[in-house]
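Please look over the sequence and the model shown here before reading on.

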Amino acid sequence: MHLSQTVLGVTFKNPTVLASGIWGITASSWRRVAQSGAGGVTTKSLWLTEHKGHPNPTIISTPHWTLNAVGVPDAGIEKAREEIGEYNAQKPVPLIANIIANTVENYGKTAAEIVTLKPDFIEVNISCPNVEDEFGKPFACSVRDASAVTKAVKAVSGKTPVFIKLSPNVDDIGAIASACAEAGADGFTVINTLGPGMAIDLRSRLPILANKVGGMSGPGIKPLAVRCIADVYRATGGKLPIIGTGGVMTGEDAIEFLLAGATLIGIGTAVSLRGAEVFRLVCEEMAAWCDTEGVKKPAELIGGMHRALSAQKS
Amino acid sequence: MTCGCCQNRLPVTYRIAEVRRETPFVQTFVFPVSLGARPGQFVMVWLPGVDEVPMSVANDDGKKLQITFFAVGDTTKKLAGLKKGDLVGLRGPFGTHYAWKPKQTIVLVAGGYGAAPMYFAASEAAKDKCTLMAIIGARSKEHLLYLDAFSRLPKTTVSIATDDGSQGHKGFNVDLLKEFLEGKEKKPDQVFACGPERMLVAVSDLCAEHSVPCQLSLERYMKCGYGLCGNCVINGVRMCVDGPVVQNDAARAFTEFGKVHRDHLGKKHTL
């Protein structure tokens, strides 16, 4: 079974990618994830300068959902330089550098620094729902802001493909995607966490997260991710690659994402439910499903739902 | 891997059932709940409105869980101000635990408040008829923990070391371990250690030198406790999942063991 895919000139040995914010703080962690079978890894969001996160509790879960309000902590560009440099010196799988900033201008400045570290893709986090107290509504919630950030990053990114990470917390994710595509986006990551949501401790009557609210992820958000991927695929005519992420636990979930229009599959919360081996397991399950169904390679399935719908109409 | 459904990943607050003062700096909270914790595992302890910190479980007897902590940081100082009936959130248990076989001979090396989880390991191993030697170290007499509890365990000898010589051997607990391993007595089946990382490095070196299997508890900054955030990694290995208790061979393969830890931003610091 050929699980490998070449996306904008970068070859992934399989379509699974470690999602941003999970495990990926150090070069040695990215390497461990690659050893576990991931086709690619994404860094935790990188800031130009040091950014403090929220106090604990920052991450809580049930088997159905995870709420996180880590608050995007990072030590800044020097740490990114050291870790990415160390990883790239002997790179097992492609690296996606996820970046974040507080203004359009700073997105440009951050991208300009990060591009010198030679990541395979830049993923632009404009959609974190747990820093709204600090920065206001995410850039991903406005056509104008999302487009402006895309332009600022594309102005400095040179040949490095730029993926914009979109928020599900909008009326029309397709319109945001179209605007970013017009501004030069090379691809999309769909979706960031949902909400924010809240969980209350009954006896103390207080919200559990120190930030009170946090982004929702986990198996429960998968249908939302599928719909958003389908919307973005349709809005951009299926021309731009999508890293589909949100609630993928199994190979069949990954197949569903491909059918909706994803090219690569981001895996996050599942790491805490099926362990580090989830990447290998998802790949094996995808391959087994394709074998049973007579599908030669999973890439054939990308956007399959849209073609099935058209065929049904005609 | 522990699966999500048998690990409590959402904190629940419990009322403190009992507060015990162990030393002028250390106290124990007893909670009216068992989380099914094994020795060496940790729980995330949440003080609502303040912070949540990882702590080794000092005992979980199937009915009650206890933690023993040193009021050293902002959060633990605030925790120390709580009294019986106050609410504290708990989630877990997380991570790996000490493991042994029935009737083994085990040396337990405890430094500072590492004595609490070492006592938990000793009391459970004693139930399996293990022969135990506890070597307890602290800065001085008033910092020694769980001495009475250790001395009440069957088939257990207790040795003491204090930096200032105010009780027992003047010097490190590792000196006593060295003396024992270099002595004429039969080598123990295993050594368990919990304490400051410099002590762990010394225990690790001695055990490697004498070819004695050893399990060490490595402490790193924790956020989620179950493998998501990646903050607690040593050489990319998540200590909340594949630690905190690791075999000596694994610890010695980590280039960061005894050298590097990371803060809440993921920034490197030398130990």
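What follows goes from the contact between the chains to domains, helices and single residues.

This is a predicted model, in which local features need pLDDT of at least 70 and side-chain atom pairs count only at pLDDT 80 or more, while totals for chains, interfaces and linings use all residues. Residues are numbered from 1 along each chain as its sequence is written, and chains are lettered from A and ligands numbered from 1 in the order in which they are written.

The two chains touch each other, with 31 residues of chain B in contact with 36 residues of chain A, where two residues count as in contact if their C-beta atoms, placed from the backbone, lie within 7 Å. On the side of chain B that touches chain A, the elements giving two or more residues are β1 (8-15), β5 (51-56), β8 (87-94) and β16 (237-238) of chain B, and β1(B) gives the most, with four residues. These element names refer to DSSP runs numbered from the N terminus, with helices being H or I runs of at least four residues and strands being E runs of at least two. By type, the residues on this side of chain B divide into 14 nonpolar, 11 polar and six charged; here Ala, Val, Leu, Ile, Met, Phe, Trp, Tyr, Cys and Pro count as nonpolar, Asp, Glu, Lys and Arg as charged, and the others, Gly among them, as polar.

Within chain B, the domain assignment gives domain 1 (4-94) and domain 2 (105-270), the bounds coming from an automatic or database domain assignment. The C-alpha centres of domain 1 and domain 2 of chain B lie 21 Å apart, and the contact takes 21 residues from domain 1 of chain B and 17 residues from domain 2 of chain B. On the domain 1 side of this contact, β4 (42-47), β5, β7 (65-70) and β8 of chain B each supply at least two residues, and the residues of that side divide into 11 nonpolar, seven polar and three charged.

Two packed helices are described by the angle between their axes and the distance between the axes. For helix α4 (residues 173-182) of chain B and helix α5 (residues 197-209) of chain B, the axes come within 10 Å and cross at roughly 5°, the axes being lines fitted to C-alpha atoms over the stretch in contact, with angles running from 0 to 180 degrees between N-to-C directions. That crossing makes α4(B) roughly parallel to α5(B), since angles under 35 degrees count as roughly parallel, over 145 as roughly antiparallel, 65 to 115 as roughly perpendicular and the rest as oblique. Val174(B), Leu177(B), Lys178(B) and Leu181(B) of α4(B) meet Met199(B), Ala202(B), Val203(B) and Leu206(B) of α5(B) in this contact, whose residues divide into seven nonpolar, no polar and one charged.

Asn173(B) is found in helix α4 of chain B and is buried, with 31 other C-beta atoms within 10 Å; a residue is called buried if 20 or more other C-beta atoms lie within 10 Å of its own, exposed if 12 or fewer, and partly exposed in between, with C-beta atoms placed from the backbone. Its C-alpha atom is separated by 7.4 Å from that of Gly111(B), although Asn173(B) and Gly111(B) are 62 residues apart along the chain. Leaving aside neighbours within four places in sequence, the contacts of Asn173(B) are Val109(B), Gly111(B), Ile135(B), Ile136(B), Gly137(B) and Ala161(B).

In chain A, helix α5 (residues 143-154) has 12 residues and reaches 16 Å from its first C-alpha to its last, close to the 16 Å expected at 1.5 Å a residue, the expected span being 1.5 Å times one less than the number of residues. Among the buried residues of α5(A) are Ala146(A), Val149(A) and Val153(A), and the buried residues of this helix pack against α3 (104-115), β8 (121-125), β9 (162-166) and α6 (173-182) of chain A.

Some backbone details complete the tour. A cis peptide bond with omega of about 10° joins Gly195(A) and Pro196(A), and the peptide bond from Gly92(B) to Pro93(B) is cis as well, with omega near 5°. Lys103(B), though not a glycine, has a positive phi of about 70°, and Lys103(B) is exposed, with 12 other C-beta atoms within 10 Å.
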